[in-house]
Amino acid sequence: MSAEVKIPAVGESITSGLLSTWHKEDGETVAAGDVLLTLETDKVSTELTAETAGRLKIKVPAGQEVKIGEVVGTIEAPSAGSGPAADAAQPGNANLPMGEAAKPAAPAAAPLSSPPAQTVAPAHSTPAIPVPAEAPKAEPASKAPAPSEAKPVPAAPAPAAAAAGVTSVDGRFTRKRLSPIRRKIAAQLVMAQQTAAILTTFNEVDMSAVMSLRKDLQEAFLKEHGLKLGFMSFFVKAAVSALQAIPAINSRMDGEDLIQNSFYDIGVAIGTERGLVVPVVRNADQKSFAQIERDILDYALKAKEGKIKIEDLTGGVFTISNGGTYGSLLSTPILNPPQSGILGMHKIQERPVAEKGQVVIRPMMYLALSYDHRVVDGKEAVTFLIRIKECIESPARLLLGL
């Protein structure tokens with residue numbers, strides 16, 4: 001009796017995915033609960049576990065596109081008489097005692113009338129006995145082409161090889177199929193550029209106050225909550241404050257209608273090996289700094305392990321992307337549809353700035369706000385970014401709700 005390994009439904013709008021990895025080999029014995037495969041879709045990566053124990057039979061190799069509900073393998077349940085003794089028994093040994101059945105059978109003797117087969121000894125083998133001159137010489141099994149005659153013939157790439165990458169004959173390039181999540185990212189970015197009137201406004205923020213506060217409270221924060229106080233929680237809180245002050249950015253277009261949101265679910269972009277994902281911190285206006293940091297840390301771990309779920313990625317009203325993690329000094333982020341705004345954080349860099357008539361060195365960060373000009377005016381966008389700047393340069397505002 002066997003159980004089918006089917007591709008499960010992972011979302012309402014998802015009809016197929018890429019079977020990226022088999023975690024078990026064909027013919028390997030698996031236990032219930034073992035991870036069998038990883039399925040990559042245009043939104044998330046999902047691990048499929050074995051529902052029963054038995055021997056795995058793979059029908060669809062890794063690297064192929066599969067449909068939801070498709071059978072990609074089976075698990076053969078062990079029979080009632082299975083076990084070490086039963087596995088050792090062979091059909092021809094059915095009438096032998098169990099101890100003898102486990103012994104390997106002796107090789108059958110070749111018929112005496114059959115002439116010995118001629119073989120070509122490999123170069124490293126013991127020299128063969130010289131053949132008399134009058135004896136006919138054995139023809140070589142095949143004629144090896146001269147180096148100048150040898151021509152590489154590329155084999156047709158298998159589906160798995162196409163997904164992993166196929167290198168050209170001359171080694172100058174590699175052709176690799178885009179993963180579903182990368183195809184989705186590409187489609188989303190192009191769609192955002194084509195459907196929204198994206199404009200970006202810039203400002204800069206002095207990070208001195210936040211850096212000083214983190215330094216003073218980091219040890220106590222870590223002791224109390226078991227995790228570090230990062231910069232992102234400050235920016236999430238600042239974004240909530242700015243959205244409350246400038247509600248136009250907390251809206252989205254739906255056809256010819258404008259939907260005004262009254263909740264504050266903030267997306268935080270996280271880079272992974274598979275591509276960029278944007279999990280959502282729910283009800284950020286109601287959460288403490290520690291709760292926000294915990295959510296972000298949990299999402300980062302899930303993203304690294306490929307365990308982000310679709311519900312983790314949907315429903316955000318605003319996005320924050322930190323290109324400064326990779327050293328970006330300035331960029332123009334692209335909207336995350338259907339949202340109307342996205343905040344780009346950048347590298348903290350010491351720069352000379354004028355302060356009270358004097359030139360001083362401060363840790364500065366450039367901020368970029370990209371917004372949909374169809375629903376957000378320039379004045380509102382600039383005011384929003386100034387609000388972010390005020391909250392970061394004076395973090396007491398966030399604690400006092402000012």
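D295 lies in helix α7, which spans residues 289–304, in a model that is predicted. With a relative accessibility of 19%, D295 falls under the 20% cut-off and therefore counts as buried. Helix α7 also packs against helix α6, residues 232–245.

**Surroundings of D295**
- The side chain of D295 forms a polar contact of 2.5 Å with the side chain of K287.
- Leaving aside residues up to four places away in sequence, D295 touches V281 and K287.

**Packing of α6 and α7**
- The axes of α6 and α7 are 9 Å apart, and the two helices pack at an angle of about 115°.
- Because angles of 65 to 115 degrees count as roughly perpendicular, α6 and α7 are described as roughly perpendicular to each other.
- The crossing of the two helices is right-handed.
- On the α6 side, the contact is made by M232, S233, F234, V236 and K237.
- On the α7 side, F289, I292, E293 and I296 make the contact.
- By residue class, the contact of α6 with α7 consists of six nonpolar residues, one polar residue and two charged residues.

**The protein as a whole**
- The secondary structure comprises 10 helices and 21 strands.
- The protein has 402 residues, of which 34% count as buried.
- Among contacts with a separation of 6 or more, 61% are between residues 24 or more positions apart.

Definitions and conventions: Residues numbered from 1 in each chain as written. Predicted model: local features only at pLDDT ≥ 70, side-chain atom pairs only at ≥ 80, totals over all residues. Heavy atoms only, no water. Helix = DSSP H or I, 4+ residues; strand = E, 2+ residues; numbered from the N terminus. Buried < 20%, exposed > 50% of the residue type's maximum accessible area, 1.4 Å probe, protein only. Polar contact = N/O pair within 3.5 Å; in protein donor to acceptor, adjacent residues only side chain to side chain. Contact = heavy atoms within 4.5 Å. Axes fitted to C-alpha atoms, helices over the stretch in contact; angles between N-to-C directions. Parallel < 35°, antiparallel > 145°, perpendicular 65-115°, else oblique. Left-handed = near helix turned anticlockwise from the far one by under 90°. Nonpolar A, V, L, I, M, F, W, Y, C, P; charged D, E, K, R; others polar.
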